[in-house]
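Please have the sequence and the structure at hand.

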Amino acid sequence: MSELPDWQIEIDAGAGRWQAEVNAAESLEALRSLEVQALGKQGEIPALMKRIPQILPQDRKGFGQAVNALQATVAAAIEVRRQALVETLIAAELNDTSFDPTQAALPLRVGHPHPLSTVQADIEAIFTSMGFHVLDYPEIESEFDNFEALNIPGWHPAREMQDTFWLESGHLLRTHTSSGQVRAMHEFKAPFRAIFPGKVFRYESTDASHEHTFHQVEGLMIDRKVTVGHLLDSMRTLLSAILQREVEIRLRPGYFPFVEPGFELDIRCQVCAGAGCSACKRRGWLELLPCGLVHPNVLRAGGLDPDEWQGWAFGLGLSRLVMMRYGVPDVRLLMGGDLRFLSQF
Amino acid sequence: MLVSWRWLSQFVDTQGVDPLQFAEKFTTTVAEIDDVVQWGFGLRDVLVADVLAMAPHPNADKLRLATVDLGGRTVQVVCGAPDLRVGLRVPFVPPGVTLPSGITVRDGEVRGVASPGMLASEKDLGLSDENAGLLSLDGCTAPAGTPLHLAIELEDVLYDVDNKAITHRPDLWGLYGVAREVAAMLDKPLRPFDLELKLGTAMPLAIRVDAPEACPRYTCARLTNVAVAPAPVNARLLLRRLGTRPISNLVDATNLVMLETGNPLHAFDARSLRGNAITVRRAHAHETLTTLDGQLRQLQAHDCVICDAEGPIALAGIMGGADSEIRPDTTEVVLEAANFDAPTIRRTAMRLGMRSESSARFEKALDPVMAEVAARRFLKLCQAWQPQAQIVSQLADMGPFTAEAKPLSIIRTTGTYLRERLGVTVAELSDAWLDACLTQLEFAVARSGDALAVTIPSFRATKDIKIAEDLVEELGRHYGYDNIRSEAPKVAARPPHTPPLKLLERQVRNTLVHAGLTEQVLYGFDDEDTRKRLLLSEPDGAPRVAVRNPISSQHTHMRRNLLPNLLAVAEKGLVQGDDGQPARKGLNIGVFEIGRVFVPEKSDDPGLPPVLVNGTEAEVAAYTAGMEGEMLRGVLDARAGTKPLPLQPIRLGLVFAERLGGGAEGSKLVFPAPEVTHRLLQQMIAALSHLMKWLGRDALTLQATGPEASLGAPDGQPSWRSKLGFDLVTSTGETIGFVAALHPRVRIELDQPAQAVVAELDLRALERVPLFKRVNP
């Protein structure tokens, strides 16, 4: 064997140098720039080919093969090194315990539904699932729909009891969602069942448990031969769904001119299970809502024949339900607009 | 109203019934009991004592030594009561006894003198707060030394019945009515009143009822030879625990009979009646009367007054006059037991701000029958307390009630109908039970097979019971609502109808919350301060709906736009911070509200059923058929006064606001960099684009609203748009709202340096925006 040509010595040395540099690359980024430097289009190894004219003709084939071999060797070395680096990084990432889960989260711009809307939506969904229309009636009402139609004639003390906001036009701000009862009867005839949630207004001074504006949900079912037994079943079923637990209910006499018989509906106190506690004022029962069978005069005002059609109705305090569900201590928070309160929902 | 179980037990046999447990049944059958109070317990060691002698205390001016007889033995104790006198009967508490108040009486010395025991006041015994003197046991005939609870009426249970639960039940404003309910619950007879009296034959005085509609019945009697003195101890203590202050035998008798029968009474000193005559009439304008409480009352023409020959001596059914009240030296009284018209009494009592025990009862529409019962009870009680007293007149009975006795009201129905309303079968609620229950409540039941003719007793007929459904309630509550089988109604399965606007409202709410805005639910009233700061003034803006009785001078009008209130809460949010972030420069918030605004233009909603507005006379007649009395009149009045309601459109309001730097006093004049305003506008546009996409509707385009900043838009839109104001225009060319940056003059009125971009649009108009159909591939 004759002595190796110079180029052969140079290529062999190059292989050793590239291998060392590849091994020294400590990051994927460094390896990539080394790869470009060695193997890229303008890289050092492809550049060797430009020396072909200076190589002896009989050596040119050997030279070409040697350069190609060098290129393959370096490429393989880079790939091996890359794999090693990737494994190292995977291991490092998997072993990273530096995150502190207690640190403050980054702010996320989220909106907040109003709790009245949330609870109202829940109630609407429950009633919709049971075939109740969800209706919306005016907040400014006529005396007729708010009082006369509900069997509350002009002299009736109920008109004083429910202190009313009167408007210069002679209309009024509805004092209860019951003002929609006769409207619904004219709109849907019979039979039908419906709820109508909304704002109601009372002319009274405000404190932690009284507001001049609050929210109610009226429920009304009109059908043939509606009984107290039906009312009991419907109220237990619906209230269990609304309160998300099985509730025990009881009816006791209550007087409202637009129902007869009229009831106050109590639910068994959840806090003490009926034993008596401060939440239920030691009674074991919590007064929840007024209800009853629709008074024949209201059916008449609704254009229905009371001998043919009957109904039940209830009025649920939506504001109070929101306060119960979320433990809101002051009713005035609901419509006060304070973002610090609303952003908790 | 307080009910004494002990008193009640005089009218119905309650043997073996625990009043504490019975209270819950009473609540579910009759009326809610707010509280159950035990009274006069823990006093079994206290004895009746007679004061035999009195001597000064050697070491104290205000204390005295009392020698008392305890029946077979005497004891000397120290006593500080100013009313101590020889011959008094008083309670004696032996040493070692602990009273309900927690005080233990010691066997010790008081200021150097032995005092083995104590003479007690009502307060000492826990019977009331009265502590001015000893409890005088007048009328107690038990021998000295008798345990107190055997000598006088103690150990009672009081029901505090919720007054609001009995507003429709005039009969329950007297103990006797409550006893009737309890008798029905226990299935025991109700003892009738003993009303036998020996009366005179003369008229008590000349009586005229000139206002028969205000005074359906006026009964009256004259009683002589009376002596004003304290009432017997049992009567005094009964009044006390029922919340009424004992005054004298005569006055106490009127109060006791009122509490018993529910019918208020009034006793006049006969000496004071001028002209020996009484007239019941409406007051004359400018008449005055000084009432018992010393107040001079200005009367008006609709007030009902009791007059003697010269003028008013009592405000009928509310309060007597000061000049004719019972005095310590009264020897002859004229008793009034009357029935007055409820609305008349209520109007006068409310106007004069004097809701007395008497007016509270007459307001409930009392049964005229009870006036005579009350008069007789009073006369009997006076004679029982003062055997020397003489009824020198007949019981005069004037007014329309006697002239033409009201025909009895009868409800015709069937057992089947009554059971059907409750949802019970004849096996559960038998005919026999039904008849017995109503009879026990003093309805007269005439049955022919299933058909019933039920006569309403007078004490339920004034307003409480009118129709078959009222009987359903009577049966239901005594049968026990808990005993009614709960039964699912059988209804047609149909998908419910939800108005499209309601569905849209839900979608808008959800979309905007997910887009990072916070929902607000705000008052329907405008806030005048806010409007002033926002330079919104009436002449510039459009008319608003005015409130006749505003809750405050700040809330005189209904809102015509959502934005003023919404901007005010956004402003507050920029001060207080939001979502845990403290307020700081650059704080950026977005809020929205969906709610009604009120425009005083006539809507097409008359607030009356369509038939009353557009129907022919025949249709109206068909509609009102079956209505009667008040109901019919109310409906026809309403028809006559039809007035369309104001427009009440539902709007969507949005505000994006950002806090600027500065803000210390005097540095409110901070002007935002254009980028801040542009960023807020971009946020608003992004939110609206996002909204339209999620609603699946065509995008809205912004159209500049003209070159000039306008303070005072003509159409009721707020007057705050700057040059950066745009109309929101739909793909069909309809303008449904606007977007605007605050006008600089409005902005510098804000409490904090801030910039805001606002938008308000009509929800019904939004619903008309076409659904999005053109999709690019």
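A charge counts as sitting over a ring if NZ of Lys or CZ of Arg is within 6 Å of the ring centre and within 35 degrees of the ring normal. A:Arg17 lies over the face of A:Trp18, at 5.0 Å from the ring centre. The model is predicted, and over all chains it holds 22 aromatic pairs.

**Pair between chains**
- A:Phe165 and B:Phe525 form a tilted aromatic pair, with 5.1 Å from centre to centre and 55° between the planes.
- This pair crosses from chain A to chain B.
- On the chain A side, A:Phe165 is in the loop between helix H7 (158-161) and strand E3 (172-173).
- On the chain B side, B:Phe525 is in the loop between strand E26 (518-520) and helix H16 (528-533).
- Both A:Phe165 and B:Phe525 are buried.

**Pair within chain A**
- A:Phe341 and A:Phe345 make an edge-to-face pair, 5.1 Å centre to centre with 70° between the planes.
- A:Phe341 has a relative accessible area of 10%, so this residue is buried.
- A:Phe345 counts as partly exposed because its relative accessibility is 23%.

**Aromatic cluster**
- One aromatic cluster is formed by A:Phe127, A:Phe132, A:Trp312 and A:Phe314.

**Charge over a ring in chain B**
- B:Arg421 has its charged end over the ring of B:Tyr417, 5.1 Å from the ring centre.

Technical notes
Residues numbered from 1 in each chain as written. Chains lettered and ligands numbered in written order. Predicted model: local features only at pLDDT ≥ 70, side-chain atom pairs only at ≥ 80, totals over all residues. Heavy atoms only, no water. Phe/Tyr/Trp six-rings, centres within 6.5 Å; stacked < 30°, edge-to-face > 60°. Helix = DSSP H or I, 4+ residues; strand = E, 2+ residues; numbered from the N terminus. Buried < 20%, exposed > 50% of the residue type's maximum accessible area, 1.4 Å probe, protein only.
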